Amino acid sequence: MNNLDLSVPVLSRGKHRSPRKGACFMEFASYLAGEPWSDHPSCTHPLLAGVARDVNDCTTDSGRSRLAPLIPSVIGLTPDDPHVVPRVTARCIQHALPVVSQERQYILAVALLVGEKQLALIDGRAPDDIQPESLAVLEAVPSATKWARSFTARSRRATPDFARRTAPRAVSCAVEGISQACVPDPDDRLYHLLLDAIAETKAWVPAPAPAPEPVTREVVRFTV
């Protein structure tokens with residue numbers, strides 16, 4: 001791997017067998033973390049790593065170099081707090097919902113409502129208590145929100161595994177939707193989506209334990 005130029009990382013789409021074939025965002029992260037070469041390293045929370053892979057692949061070649069300085073910031077972000085998955089998912093959907101196609105709006109509105117119910121359950125709140133940021137984007141797409149509320153209310157199927165299935169699919173749908181949206185700045189939107197996902201994950205990393213205070217030993221003086 002000594003041919004890997006870390007001074008100015010050149011990112012490219014997809015998975016690569018070795019640095020000679022190129023590297024994506026998370027493959028560079030695995031290298032910097034001292035892990036085996038992989039786009040699924042253990043140094044980063046799985047959902048955040050998925051966000052990074054999706055953003056890397058959906059950003060244009062001209063805009064991808066802007067992502068490189070963010071690579072070190074995902075290393076070591078592996079919180080296991082149950083808030084992480086629904087909150088990171090919500091952040092990604094909040095970026096995407098107002099600008100993606102109508103078909104994607106319906107899908108993302110359902111995922112957002114399901115994730116918000118999970119958050120309410122974790123926090124001990126009422127199931128229909130939605131975060132203000134999520135409520136604002138849902139109100140921006142009333143048709144999709146009305147349909148999503150009806151769908152989630154009448155669904156009698158077993159709830160799928162949100163962390164392993166729903167969240168990764170929703171994140172991918174959000175990122176791909178932004179890249180294909182009729183907006184003048186998709187790369188910039190994807191960059192800030194990744195920034196928010198990193199910040200949200202970092203917020204749930206446990207604070208380091210305080211260092212123990214030094215023991216002060218009392219000096220006993222003897223007189224003769």
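This is a predicted model: local features need pLDDT of at least 70, side-chain atom pairs count only at pLDDT 80 or more; totals for chains, interfaces and linings use all residues.
Residues are numbered from 1 along each chain as its sequence is written, and side-chain values use heavy atoms, with hydrogens and water left out.

**Overall picture**

- The protein's secondary structure comes to nine helices and zero strands; helices (H or I, at least four residues) and strands (E, at least two) are DSSP runs, numbered from the N terminus.
- Along the sequence, the pattern reads α-α-α-α-α-α-α-α-α.
- The protein has 224 residues, of which 45% count as buried; here buried means under 20% relative accessible area, exposed means over 50%, and partly exposed is in between, with a 1.4 Å probe and protein chains only.
- Take the contacts between residues at least 6 apart in sequence: 68% of them join residues at least 24 apart. Contact means heavy atoms within 4.5 Å.

- Thr44 is buried, at a relative accessible area of 3%.
- Its side chain reaches the backbone oxygen of Val74 at 3.0 Å. A polar contact is a pair of N or O atoms within 3.5 Å; within protein, one must be able to donate a hydrogen and the other to accept it, and residues adjacent in sequence count only if both atoms are side-chain atoms.
- Leaving out residues up to four places away in sequence, Thr44 touches Met26, Ala49, Val74, Ile75, Leu77 and Thr78.

**Helix pair α8 and α9**

- Two packed helices are described by the angle between their axes and the distance between the axes.
- Helix α8 (residues 162-180) and helix α9 (residues 186-203) have axes that come within 8 Å and cross at roughly 155°. That makes α8 roughly antiparallel to α9.
- Axes are lines fitted to C-alpha atoms, for helices over the stretch in contact, and angles run from 0 to 180 degrees between N-to-C directions. Angles under 35 degrees count as roughly parallel, over 145 as roughly antiparallel, 65 to 115 as roughly perpendicular and the rest as oblique.
- The α8 and α9 crossing is right-handed; a crossing is right-handed if the near helix is turned clockwise from the far one by less than a right angle, and left-handed if anticlockwise.
- On the α8 side, Val175, Ile178 and Ser179 meet Pro186, Arg189, Leu190 and Leu193 of α9. The residues of this contact divide into five nonpolar, one polar and one charged.
- For these classes, Ala, Val, Leu, Ile, Met, Phe, Trp, Tyr, Cys and Pro count as nonpolar, Asp, Glu, Lys and Arg as charged, and the others, Gly among them, as polar.

**Helix pair α5 and α6**

- Helix α5 (residues 102-123) and helix α6 (residues 132-140) pack at an angle of about 155°, and their axes are 11 Å apart. These two helices are therefore roughly antiparallel to each other.
- The crossing of α5 past α6 is left-handed.
- From α5, Ala109, Leu112, Leu113 and Glu116 meet Ser134, Val137 and Leu138 in α6. The contact residues divide into five nonpolar, one polar and one charged.
- Thr145 is found in helix α7 (residues 142-154) and counts as buried, at 7% relative accessibility.

- Leu194 has its place in helix α9 and is buried, with a relative accessible area of 0%.
- Not counting residues up to four places away in sequence, Leu194 touches Phe25, Val51, Ala52, Val55, Leu67 and Leu70.
- Leu194 and Val88 are 106 residues apart along the chain, and their C-alpha atoms are separated by 9.8 Å.
- Asp188 is also found in helix α9, and counts as partly exposed at 28% relative accessibility.
- Gly63, in helix α3 (residues 61-64), counts as buried at 15% relative accessibility.
- Between Gly63 and Asp188 there are 125 residues of sequence separation and 8.1 Å in space, C-alpha to C-alpha.

**The segment before α1**

- His16 lies in the segment before α1 and is buried, with a relative accessible area of 10%.
- His16 and Trp37 are 21 residues apart in sequence, and 9.0 Å apart in space, C-alpha to C-alpha.
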